[in-house]
Amino acid sequence: MAAPDELFCWEGDWGLPSVSTDCLVVLAYAQFAGAPLKVRKISNPWRSPSGSLPALRTNQKDTLSRPSDIIIHLRKQKYNADYDLSAKEGADSLAFISLMEEKLMPALIYTFWIEPKNYVDVTRRWYAEHMPFPLNFFLPGRMQRRQLEKLRLLRGDESLEAGEELEKELYRDASECMNLLSQRLGSHKFFFGDSPSSLDAYVFGHLAPILKSKLPNGKLQQCLKSLDNLTNFCTNILLLYFPRDNRESPSQKTSSQPEGGDFDHVPNKRRKQILSALVALGAMLSYALLTGMVSIQHVQQEALEEPPDLQPIGSHDDEEGDG
């Protein structure tokens with residue numbers, strides 16, 4: 001019997017199996033389709049086979065990172081949550097997924113990565129606290145820059161700048177998208193009949209972080225909470241498919257350990273010391289080679305300027321990004 005494919009994804013938090021939208025999409029689809037994946041929840045993307053999260057390592061040793069590519073692979077393995085969809089339902093599903101990419105994803109990026117208070121108090125802090133040293137000093141900032149570039153690409157505006165005007169426009173588009181999703185869902189449990197499909201996975205992956213995170217600027221969350229059927233939709237999926245994550249308290253989460261690892265035979269304290277030393281050495285050497293001394297000096301200066309409670313710089317699963 002072939003070994004199961006391995007899925008690497010960001011760790012979870014806030015009662016979610018992952019803090020990453022892309023990871024949530026893949027995790028939900030795998031649950032819906034019954035795919036027997038070996039899930040590794042991590043907080044260091046450099047430990048994934050692709051250097052980003054999510055990442056699927058197949059039993060043929062291929063690596064896939066985009067949620068759409070991972071879902072296509074699972075379908076080829078006969079794990080197809082869309083098997084019973086009609087041609088029209090399949091077309092509707094693609095249309096709504098495209099709508100979310102165009103209208104909802106920009107607002108998600110802005111909410112978690114661009115809006116100043118949310119980014120400093122929640123997003124950067126979470127990754128800073130969960131990533132190992134020394135990645136915690138520079139990876140959150142690098143991730144933010146990538147998300148800003150993604151937002152510019154989605155908006156088709158290279159000169160895009162944060163501000164009240166942009167925020168209003170993004171939240172208006174997101175509200176329009178959520179209202180259309182709410183109308184399509186109606187009083188049903190899932191979008192197409194009694195079983196969840198890929199559309200349900202995408203909607204859950206995009207909406208659950210908005211619903212469950214505790215953001216200082218909660219405008220997008222307020223808009224979602226005004227749509228009872230969508231909030232119930234997210235809650236029901238968590239109860240049905242991720243009951244362990246849904247009930248996990250912050251204290252329980254802190255004490256839990258990620259699945260698997262090359263050092264499972266080493267006691268936890270000793271294992272952490274070994275991993276920290278290896279990661280620190282590898283990260284510093286790699287970073288020096290990739291960016292040069294000027295960039296390193298810049299990072300060190302940024303680190304010194306961080307508020308004291310952010311100096312240790314990484315929830316349910318791993319992850320990446322693509323959220």
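User: Why does cysteine 234 count as buried?

Analyst: A note before the answer: this is a predicted model. The relative accessibility of cysteine 234 is 0%. Buried means under 20%, so cysteine 234 counts as buried.

User: And cysteine 223, buried or exposed?

Analyst: Buried. Cysteine 223 has 18% relative accessibility, and the cut-off is under 20%.

User: How many disulfides does a search of the whole structure find?

Analyst: The search finds 0 disulfides.

User: What makes the pair of tryptophan 10 and tyrosine 127 edge-to-face?

Analyst: First, the search of the whole structure finds 12 aromatic pairs. In this one, the ring centres are 4.9 Å apart and the planes stand at 80°. Rings pair if their centres lie within 6.5 Å, and planes over 60 degrees apart count as edge-to-face. Both values pass, so the pair is edge-to-face.

User: Why is that pair said to tie together parts of the chain?

Analyst: Tryptophan 10 lies in strand β1, while tyrosine 127 lies in helix α4 (residues 116–130). Those parts are 117 residues apart in sequence, so the pair ties them together. Tryptophan 10 is buried at 1% relative accessibility. Tyrosine 127 is buried at 7%.

User: How do you know that phenylalanine 32 and tyrosine 241 form an edge-to-face pair?

Analyst: Their centres are 4.9 Å apart, with 70° between the planes. The angle is over 60 degrees, the edge-to-face cut-off. Phenylalanine 32 sits in helix α1 and tyrosine 241 in helix α9 (residues 228–241), so the pair ties together parts 209 residues apart in sequence.

User: Why is tyrosine 241 called partly exposed?

Analyst: Tyrosine 241 has 23% relative accessibility. Buried is under 20% and exposed is over 50%, with partly exposed in between. So 23% counts as partly exposed. Phenylalanine 32, at 12%, counts as buried.

User: Why is proline 140 called buried?

Analyst: Its relative accessible area is 2%, and the cut-off is under 20%. So proline 140 is buried. This proline is found in helix α5 (residues 135–155).

Terms used: Residues are numbered from 1 along each chain as its sequence is written. This is a predicted model: local features need pLDDT of at least 70, side-chain atom pairs count only at pLDDT 80 or more; totals for chains, interfaces and linings use all residues. Side-chain values use heavy atoms; hydrogens and water are left out. A disulfide is a pair of cysteine sulfur atoms within 2.5 Å. Buried means under 20% relative accessible area, exposed over 50%, partly exposed in between (1.4 Å probe, protein chains only). Helices (H or I, at least four residues) and strands (E, at least two) are DSSP runs, numbered from the N terminus. Rings of Phe, Tyr and Trp (its six-membered ring) pair if their centres lie within 6.5 Å; planes under 30 degrees apart count as stacked, over 60 as edge-to-face and the rest as tilted.
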